[in-house]
Amino acid sequence: MVYSKISVFTSLLVFLTFSFLPKTSFAEGNVCEEPSSGISPDGKYDFSTALFGGGFEKFSTVWPRIFVSGIPVKKNEDGTEEVFPLQSRSGRIIVVTPRYIITSNHIVDLSFFSMPLRTPFGMRMEEMKADEVRNERFWLQVSYNSPELLLNKVAMLPDIDGAVFELADTTFVLKPNLPLGRSRDLCLGHTVFIIGSPAMLGTHIRESVISAFHFIPQSLVDKKVFGPLDVNLLITISANIDLGDSGSPIIALRDGVPEIVGVISNVFAVGGLVHGFSMIVPIDEIIKRMRESTGIDLKSLSDEYFYK
């Protein structure tokens, strides 16, 4: 998890912009013309758990972790290079097919990193941007102390904080836990579940609801106030996420049956203050980008695995 931070000056700009926008600008997004009753099967996502018979225990403890290491390098104008110490990170992943996994881009993108900096007021972390990362290595572990499984990059999607990898070993296959759903079918108030690892203290399941679509004025997104992240492509949920949750799945219930509809991205913060909602990457956006850039249809592969 990372915070989506903006400065105090930008916070004022956000406040003023929000103040003069018509209220209807925040109501855009997925539209439920005929909401589900939530008490009988109708092929739609559920607003309650009335149709859910339980069963999270079957898969809630089986979510592998991705690991990444590399050496950031910054190139100076005079032609010299500044080589930084080896960086490493890890986070949660979602196995979507026997060969492909998805996770959060900010977990695996080592070009953005922090270094300790000594100041008159003590040590603080300085955020830095590298021009390249050398000796990049990606791998996953299915469980603690299990063998390392090397990964190849397939797609890095910084504007939606998504990333897709495939197993380098073609003889090894992974077991997906849940099918991919359709985030375009989500509506405000739909019940969702976070299967995360807050503070990296094991798997925890938390209940939340879909709270907003397109909640930031596009003018601020166009000005790169939030960096490369296009927050209007993301969806917000009412629950806070924590360190260790990044890359974890968001689950919705369709007639009581769980489906993966998103990936945990960031908690939203303005002026250093963390607000009571979090951002997720809609699974449809990742599926769309993969299909456009590689021709690989993750939804079709997922459907073939679970419904063949």
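This is a predicted model: local features need pLDDT of at least 70, side-chain atom pairs count only at pLDDT 80 or more; totals for chains, interfaces and linings use all residues.
User: Does S104 count as buried or exposed?
Analyst: Buried means under 20% relative accessible area. S104 has 0% relative accessibility, so S104 counts as buried.

User: How far is the backbone oxygen of I264 from a polar atom of the side chain of S104?
Analyst: I264 is among the residues in contact with S104. Between the backbone oxygen of I264 and a polar atom of the S104 side chain, the distance is 2.7 Å.

User: Let's step back to the whole chain. What percentage of its residues count as buried?
Analyst: The protein chain has five helices and 17 strands. It has 308 residues, and the share that counts as buried is 48%.

User: Which element gives the most residues to the largest nonpolar core?
Analyst: This core has 31 residues, and I102, I286 and L298 touch the most other members. Elements that each supply at least two residues include β6 (100–103), β16 (257–270), β17 (273–282) and α4 (283–294). The top contributor, with four residues, is α4.

User: How many residues are in the second, separate core?
Analyst: This core includes V108, F138, L149 and L167. Its residue count is 17.

User: Now for the aromatic pairs. Is the pair of F52 and F193 stacked or tilted?
Analyst: The structure holds five aromatic pairs. In this one, the ring centres are 6.3 Å apart. Planes under 30 degrees apart count as stacked and those over 60 as edge-to-face. The planes of F52 and F193 are at 40°, so the pair is tilted.

User: What is the angle between the planes of F67 and W139?
Analyst: F67 lies in strand β2 and W139 in strand β9 (residues 132–141), 72 residues apart. Their rings are 5.6 Å centre to centre and form a stacked pair. The angle between the planes is 10°.

User: Which residue has its charged end over the ring of W139?
Analyst: W139 is buried, with a relative accessible area of 10%. A charged end sits over its ring, 4.3 Å from the centre, and it belongs to R137.

User: Which residue lies over the face of F112?
Analyst: Here we look at the distance to the ring centre, which is 5.2 Å. The residue over the face of F112 is K129.

User: How far apart in space are G43 and D255, C-alpha to C-alpha?
Analyst: G43 lies in the loop between α1 and β2, and its 38% relative accessibility makes it partly exposed. Not counting residues up to four places away in sequence, G43 touches R254 and D255. G43 and D255 are 212 residues apart in sequence, yet their C-alpha distance is 6.1 Å.

Methods: Residues are numbered from 1 along each chain as its sequence is written. Side-chain values use heavy atoms; hydrogens and water are left out. Buried means under 20% relative accessible area, exposed over 50%, partly exposed in between (1.4 Å probe, protein chains only). A nonpolar core is a set of buried Ala, Val, Leu, Ile, Met, Phe, Trp, Tyr and Cys residues joined through side-chain atoms within 4.5 Å. A polar contact is a pair of N or O atoms within 3.5 Å; within protein, one must be able to donate a hydrogen and the other to accept it, and residues adjacent in sequence count only if both atoms are side-chain atoms. Contact means heavy atoms within 4.5 Å. Rings of Phe, Tyr and Trp (its six-membered ring) pair if their centres lie within 6.5 Å; planes under 30 degrees apart count as stacked, over 60 as edge-to-face and the rest as tilted. A charge sits over a ring if NZ of Lys or CZ of Arg is within 6 Å of the ring centre and within 35 degrees of the ring normal.
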